[in-house]
Amino acid sequence: MPSKTQSTATNGITSLATPGPATKKQKLLPTPSGSQSQGSQSSFAEVLAKIQLESQESAESEGGADAWERPHLQPIVESRDSIVFQQVDIEDSYDSSHAGARIRICGVTQGGHSVLASVTDFMPYFFVPAPRGFRNEDIDPFVHELNSSVGGVISVELVQKRSLWGYLGDEPAMFMRVTVTQPRNVPRVRGVFENGEVNFRGLFSGPVTTFESNIPYTLRFMIDTKVVGMNWIEIPAGKYTLLKGREKKSSCQIELLVRWDQFISHAPEGEWAKVAPLRILSFDIECAGRKGVFPEASVDPVIQIANMVTRQGESRPFIRNVFTLNTCSSIVGSQVISFTSEAKMLQRWRDFVEQVDPDLIIGYNIANFDIPYLIDRAKALKADQFPYLGRLKNTRSQVKDAHFSSKAFGQRDSKETTLEGRLQLDVLQYMQREHKLRSYTLNSVCAQFLGEQKEDVHHSVITELQNGTPESRRRLAVYCLKDAYLPQRLMDKLMCFINYTEMARVTGVPFNYLLSRGQSIKVLSQLFRKALDEGYVIPTFKSEGSDEQYEGATVIEPKKGYYDVPIATLDFSSLYPSIMMAHNLCYTTLLDKSTIERLNLQKDVDYTQTPNNDWFVKPSRRKGLLPTVLEDLISARKRAKADLKKETDPFKRAVLDGRQLALKISANSVYGFTGATIGKLPCLPISSSVTAYGRQMIEKTRAEVEAEYSVANGHSHNAEVIYGDTDSVMVRFGPTDLEKVMAIGSEAAEFVTKKFVKPIKLEFEKVYYPYLLINKKRYAGLYWTKSEKYDKMDSKGIETVRRDNCRLVQTVIETCLHKMLIDRDVKGAEDYTKQIISDLLQNKVDMSQLVITKALAKTDYTGKQAHVELAERMKQRDAGSAPALGDRVAYVIVKGIKGAAAYEKSEDPIYVLENNLPVDTKYYLENQLSKPLMRIFEPILGEKAASLLSGEHTRTIQIATPTVGGLMKFAVKTVTCLGCKTPLRANNSVSTGAICDNCRPRINELYHKQVTMASQTQVKFARLWTQCQRCQGSLHQDVLCTSKDCPIFYMRKKAQKDVEDAVSTLERFDNEVW
Amino acid sequence: MDMPLKPNVLEDIGRDHSLPAPPPPEKIHSQDDQVMLEDESGRIKLVGKILADAQLVTGVIVGVLGADTGNGEFEVVDLCFAGMAPQTGEDDEMDTEDTFLCSDGSTRNGYIAFISGLDIGSTPASEAQTQVLTEYLTGACGDLDGQGFASQISRLVILGNSLAPLGPIGAPANEDNDKEDEKPRRRGNDTTSFSPHPVQSLSAHLHDLSQSLAVHILPGESDPSGSILPQQAPPRAMFGPASSYSSSLVRQTPHTSVLPQECKQGDGDVDPSGSAPTRTILATSGQPLNDMSKYVPTAPTTRLDLAEATLKWRHIAPTAPDTLWCHPFFALDPFIISQTPDIYAIGCQPQFATRLVKDGNRRSRVVLVPSFAQTGILVLVGLRSLDVWIVRLTEDIISHSG
């Protein structure tokens, strides 16, 4: 690099570099992501350099070029060495060479060696109730009978089990365990039973419900062997067969065969809670698109692929490189690998992946874009060796369309590429699933979680950079590397991987399920495990969506208003799980009328009747399975939290924290599972009883609190419950003293808890003071847990995360709430709102505050939409710069013909700036601002609130004069005097001057005014521009960024135009007579 | 340089809108600063002990001696700057365009006077002080010695801030132009608060002065001129009758002029040995130095050191456009010092200071000129000897010191 710098004195200098110490420092430093400050926007090239500095590598291994291979493996002796590894991926595999199905487990040892264990001899099975009169002697003929009709059955065995569904007495029933050869035989054999086609000695009459026949083979295996997602597996010495040489089917270092019952699965507790040094590859590709078209794999080349490989537990990537098409100048701290042929580059990248052998592949939108694009591109280039990205040597990676539909997460279409043996975590999908955000672009996600703006280079600019010089390609490469690093940083910051690992461990499902499957599989996995322990079998229901609704949680009608006294909040901790535990609500305890009569059960002695009029037996007769599951979860969470308090190691803390979070989520999702009518095992009596109990308890709490804390009982005030929702009630106890209210609050919580069945517990957690109650599920308040200082400002339901809102709404609402709640200055909030409205009407609000963005997802929207219409119009103006499919379209609403719909009035913000189009301030006031404003002001001002939107401050209106449009074609532009706006003509001024003759005495003043204005705009622009330069990390190059999500992008554009205007006006003074 | 404390627009925007912005810090250096070397090809981080003492600011052109450690950083052993630029000898070409015109047949040619921060319009007192100045320079006051001294002043260079800022009366001149001040914008619309008086008053003084000596006026931070560098000269017509004197010139900031010493040997010349050398003068209104001083801790580095450093860096305003706003230039950089000036005058400084900077046979007289309104100091530089005198003018006392 020195040769590239502006060095004047580097000639003849011998290297002063001290060779890096052989031992690499691997300390857990706080990642740069830890800094929330927006101020530390160091350039990315610097970050790369810093990474290398801290990893103390020698010059030859820039970017970790010498660390691709996994650590060398010492020879293994089957009879001596046991193999211990953390499994990451479990899949079923079929191979023609052996008859049965196998389970393939991929994992990594503590030493960082990759392992593939093929598990043999695990046969899928399911249960069928044995018909009355079926005896042991009937088994063989029955198997024969089945095999002759459908085939694939290995054995049938009679076992004693109980059905999960309903309480029918304590005696176990007889079930047949039907074992089949192949997982795919399960549905076939099951079908015979379900369709009533079994005709064995007339024992079966009609359709038979099967049990546990709809569970995936891998999950079945995991349940039976007590393997949970991401746990450690030990294969003792002598119990396995190593595969060597040509027997090996994978690129793993250790490949072995083991019988399914010959290994030990360690529960993820204590020592086994650790995480192996998994290799995590984070990558990003750049394509050279054509103008106006979103890149298509068949045409547009992949030009760069940037990679970051990190070992789990380390804070810095140890491999940083970028594959580039065409030459590229070197980048400090990263390896640059250049190619002249795209196919060769792709091929080399594939080899790189195989060599580095990542266990987890992450990126931003890799599932839907990067991976499919690479595979499609390789196909277009006929690089046939490319799509072998998994660990199996002979398995092509194929892109499949996946449809994901879940009640909790909505519907999504996506692509799915299975890379055998490797996990994938698309950070975009994670974000969409776990966080509700205004925008999911990488830029805005980074701004949100890392506190940084990211340079956003439009794909048309990418092509220009690619076609430029090695320097411009270097620039692109730095950008690409940054995009590859950000997902890793986001993952570290949000602890995605650790939290998901713990979720997999707690719920027992493979890691891959967490992103690709819904909630119910997680509960189902736990239920199956528990059922196996307790001797239950779970019936298979045909999933049929029913629209049956049940009454949800109750809401105590809010007493809307602004409360300037402390409001205590009493919460039921984990309300729904505690109800299920307290009342023993479960599938196994559900009773029906006939059973009650048959067994002669006594109400309140043997069973309870829920407020929903369902019956469940008491724990004294039978303890439910779900309550047991929940108890385990909750006690495990308590343990994890206790351990968390003691633990000092930051990494172990993260694991424990992830675990307690996973346990909490799991406990809460059990209720939802029973109510999911489209799910695997819906049971409305349980879910509606839970909510019914919940409603009852909220009401009871209200009654108890209001009765106890009253003047009649010797208290200073009558307590009043002003609002209650699902699991909490807000109480106004009366006193204005915060400490006193806190004391009463905790006392009241204890008092009420005593009135309920264990383990239901009412907790006093926080006080809102002041509190603004707007409506059901909409409120805001200052949140206090201790009386010295408030914790935060909390608001529910009024966050304006809706994307079709402009930023202005968010700013105004946030500022108003801040003024009201923290400054206690309602008047100030009013004034501020009026000021903003006045600014809006006078066109003084910054454009970036008014921009609305939406993704152009598809071409044929049914209804007309603003952004689609705009994209169409932009295409007509200039097809090159128009947004393409997949782009985000930013628009503002401008004034249009009277009665025009909003979608006709959308316009490109840049176009608006350039042509001085008038913004439809009325639209912003009425359609954007008014509703949220009314919502927060009405409880305070009541009727008067409407005065905010009309009145004195709305009288002054300024409308920009457009330079395009119908009428403007006929308009003649005249220059007006800067003093009095009189049109300047030959007879009242000097030619191309600034002022009219009448204003000439004021020329000094007017000049001053103009100069001041011009210099302000100049300074403003200069500030914005240098900020953008700093963000891109180079003061030498032009700013390319066109990030529509960046708050200063439009500001910069506007400032640029303002400067031009102000300076050109100023220049008119040059011609003036003084 | 990467400095966490640099003013950051994003932070301003991201900050809670309901809280008033904290005042911009006086200094922006901190422990976390990093030094980068950059050219068109990219950046490299510089490390090394030497950097801590080097007092670098953003934008300095520097050669570094050292080696790439392979860790993505560059260990610096030594730093090398351009050093002082060549100096015009007698045989050098002169930029005729910038040559001063001879105002009249005057024989006074011994001194050049520098002043800055007249601050007309701030307080009535400053007005009186300016009156004394005018009288002194035109020889209308003082004792005979003083008059004799004054009579040898051939020209006056006003280094910025001639007019008080267009703020509320008596408000201190805003040292930092970083602060985005919204108030003046509103005031701009308010026509009634504007008083034409300061400009007229300044014009009157200029008129008086121009009758007896050449006057150059450079716009400064508070003057009615764009605030980004190079500051354009306000239309000279603004100054009314004074503008009719060809000796009175309105200049842009920064400004270099080559001054051919007038031919005749003046009587009582301080340096009789001189053989009429040309003198180049580089004058700025101080914004670059004010900005740079934010980058370095006050204690070891004085402003004088920084001013000297700019000569060695051969660049007046390295921090532009990072923290100092300037016009964009593509082909040439107007702030590069291609010739070492004989006199390097920097206006609007908190204190008077001077030093003769030498580098081989190149030398330059650096003068930091404080605000006249606050200190009453007028700085005189002997054109032959480059010696410096200061004249302290208050309303009634005139004191000289060499």
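Visitor: Hi! Let's start with A:Glu342: is it buried or exposed?
Guide: A:Glu342 is buried, with a relative accessible area of 10%. Bear in mind that this is a predicted model.

Visitor: Got it. Which residue does A:Glu342 form a salt bridge with?
Guide: The partner is A:Arg377, and the closest N and O atoms are 2.7 Å apart. The two come from distant parts of the chain: A:Glu342 sits in helix H5 of chain A and A:Arg377 in helix H6 (residues 366-380) of chain A, 35 residues apart.

Visitor: And why does A:Arg377 count as buried?
Guide: Its relative accessible area is 6%, and the cut-off for buried is under 20%.

Visitor: How many salt bridges are there over all chains?
Guide: A search of the whole structure turns up 45. One of them is between A:Asp359 and A:Arg70, with the closest N and O atoms 2.9 Å apart.

Visitor: Where do those two sit in the chain?
Guide: A:Asp359 is in the loop between helix H5 (342-356) and strand E15 (360-363) of chain A. A:Arg70 is in the loop between helix H1 (44-55) and strand E1 (83-93) of chain A, and 289 residues separate the pair.

Visitor: Are A:Asp359 and A:Arg70 buried or exposed?
Guide: Both A:Asp359 and A:Arg70 are buried.

Visitor: What about A:Arg824, which residue does it meet in a salt bridge?
Guide: That would be A:Asp564, at 3.9 Å from N to O. A:Arg824 lies in the loop between helix H20 (807-822) and helix H21 (826-841) of chain A, while A:Asp564 lies in the loop between strand E21 (561-563) and strand E22 (567-572) of chain A, so the pair ties together parts that are 260 residues apart in sequence.

Visitor: Which residues are joined into one network by salt bridges that share partners?
Guide: A:Arg70, A:Asp357, A:Asp359, A:Arg391 and A:Arg422 are.

Visitor: Switching to chain B: why is strand E15 largely enclosed by the rest of the structure?
Guide: Five of the six residues of this strand (residues 388-393) are buried, so the rest of the structure largely encloses it.

Visitor: In what sense do E14(B) and E15(B) pair?
Guide: Antiparallel, over five bridges, with E14 covering residues 377-382 of chain B. In E15(B), B:Ile390 is the bridge partner of B:Val379.

Visitor: And which residue takes a positive phi in that hairpin?
Guide: B:Leu386 does, near 60°, and the hairpin has five residues between the strands.

Conventions: Residues numbered from 1 in each chain as written. Chains lettered and ligands numbered in written order. Predicted model: local features only at pLDDT ≥ 70, side-chain atom pairs only at ≥ 80, totals over all residues. Heavy atoms only, no water. Buried < 20%, exposed > 50% of the residue type's maximum accessible area, 1.4 Å probe, protein only. Helix = DSSP H or I, 4+ residues; strand = E, 2+ residues; numbered from the N terminus. Pairing = 2+ DSSP bridges. Salt bridge = Lys/Arg side-chain N within 4 Å of Asp/Glu carboxyl O.
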